[in-house]
Amino acid sequence: MSGRFLALGIALVALATLPYWMTGIYYINVASQILFYGIFALGLNVLVGYAGLVSLGHAGLFGVTAYAVGYFLQLGFGHPFAILAALVISMVSMAIYAVLSLRSTGIGFIMITLVLGEILWGLAYRWISLTGGDNGLSLQTRPAPFGFSLSDVNTFYYATLIIFLLSIGAVTIFVRSPLGAALMGTRDQPRRMNALGYHVWAIRFYACLFSGLLTSVSAILFVYYTQFISPQTLALTSSAEVLLMVISGGAGTLLGPIVGAGLVVIVKTVVSGFIERWNFLLGAIFVAIVILMPEGLVPGTARLWRLAGRKRERSAKSVPGSAEAKP
């Protein structure tokens, strides 16, 4: 346990001081991407890891929030109004999304979310008067909360880091709450939970809303980072990438989706500059993870560490002359 807290402290110090030891703004921007995609992956992980519901339409909800921010800003509203209005629209959209998709589970849930995501992508592509079609929507400015302009790379990074840490705290509280425990119960034994008097549908609905909230927060950070939103953001490939982050890092864990987000973002943005066929590399990494660590990188690494610890203990006991060795 002490080692875990030590590792956590080192990670927090590294994140807090990253702009001071990281050379070049490019890698600071990459770190910002990892943070807000980590929030996105945490939101999807609420459904995939803790509810056992695989969604292939979260990129559509992500895009709805981003488009809402861009649209209200183009109408002349300020940043606070645009952000709050986008959050309200995204939560309403998530509620509709949940009502429609929770009519089924398993493969049925996957197909319904896939169809809903494709519908939203089609609307973004064809509703040119609202979304701009292929031309998308551009943002001219970034907000300046408390007088700190987010146009500066370091300031935007620290704002993203604060929201990222708050999101981790929110997910931790949710998972350890009675609602989180009930959600995992609906994942493992839905019929038994129903027999015990729990409203399985309502529990999953609340989980969808919480997942949608995290998704919308990451979308707001994304659209302010890129200052541009296009239909490609809502495409099926975007949903698949985030799902890959969750699965590769470790579904049902707090750190897994974040590690997965770091892996995908680094391969997509950094490694792609050196390797032309980076998609092949990412696919090969994912296949290797599925074969060697089917539970994901974080749980798999923890399992290997425990095995190595047991081997060290057995080796110490078998050494002649050791205190625990038999005479």
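I began with helix H9: its buried residues pack against helix H3 (25-48), helix H8 (153-176), helix H10 (190-195) and H11. Contact here means heavy atoms within 4.5 Å. Helices (H or I, at least four residues) and strands (E, at least two) are DSSP runs, numbered from the N terminus.

Before going on, I noted that this is a predicted model, where local features need pLDDT of at least 70, side-chain atom pairs count only at pLDDT 80 or more, and totals for chains, interfaces and linings use all residues. Residues are numbered from 1 along each chain as its sequence is written, and side-chain values use heavy atoms, with hydrogens and water left out.

**Buried places**

Which residues of H9 are buried? I found Gly180, Ala182, Leu183, Gly185 and Thr186 in helix H9 (residues 178-188). Buried means under 20% relative accessible area, exposed means over 50%, and partly exposed is in between (1.4 Å probe, protein chains only).

Next I looked up Ala207, which lies in helix H11 (residues 200-226). Ala207 counts as buried because its relative accessibility is 0%. Leaving aside neighbours within four places in sequence, Ala207 touches Val46, Leu47, Phe174 and Leu183. I also checked a distance: Ala207 and Gln227 are 20 residues apart in sequence and 30 Å apart in space, C-alpha to C-alpha.

Then I turned to a loop. Ser230 sits between strand S2 (228-229) and helix H12 (236-249). Is Ser230 buried or exposed? Ser230 is buried, because its relative accessible area is 14%. Setting aside neighbours within four places in sequence, Ser230 is in contact with Tyr67 and Gly136.

**Out on the surface**

Leu84 belongs to helix H5 (residues 79-101). Leu84 counts as exposed because its relative accessible area is 55%. From Leu84 to Ala68 I noted 16 residues in sequence and 9.9 Å in space, C-alpha to C-alpha.

I then looked for patches, which are made of residues with over 30% relative accessible area and no salt bridge; like charges are joined within 9 Å, nonpolar side chains (Val, Leu, Ile, Met, Phe, Trp, Tyr) within 5 Å. Accessible areas come from the Shrake-Rupley method with a 1.4 Å probe; for residues, only the protein chains shown count as cover.

Phe5, Leu8, Leu12 and Leu165 make a nonpolar surface patch of about 380 Å². Helix H1 (residues 2-16) gives the most to this patch, with three residues. Phe5 is in helix H1, and Phe5 is exposed because its relative accessibility is 57%. I wrote one reminder beside this: an α-helix has 3.6 residues a turn, so residues three or four places apart point the same way.

A patch of positive charge gathers Arg306, Arg310, Lys311 and Arg314 on the surface. Lys311 is in helix H15 (residues 297-318), and Lys311 is exposed because its relative accessible area is 53%.

**Salt bridges**

How many salt bridges are there? I counted three, a salt bridge being a side-chain nitrogen of Lys or Arg within 4 Å of a carboxyl oxygen of Asp or Glu.

- Glu241 and Lys268 meet with 3.0 Å from N to O. This pair links distant parts of the chain, with Glu241 in helix H12 and Lys268 in helix H13 (residues 256-269), 27 residues apart.
- Arg187 pairs with Asp188, the closest N and O atoms being 2.9 Å apart. Arg187 is partly exposed, at 32% relative accessibility.
- Glu295 pairs with Arg303, the closest N and O atoms being 2.6 Å apart. Arg303 is partly exposed, with a relative accessible area of 27%.

Key
Lys and Arg count as positive and Asp and Glu as negative; His and the chain ends are not counted. The place of a charge is taken as NZ of Lys, CZ of Arg, CG of Asp or CD of Glu.
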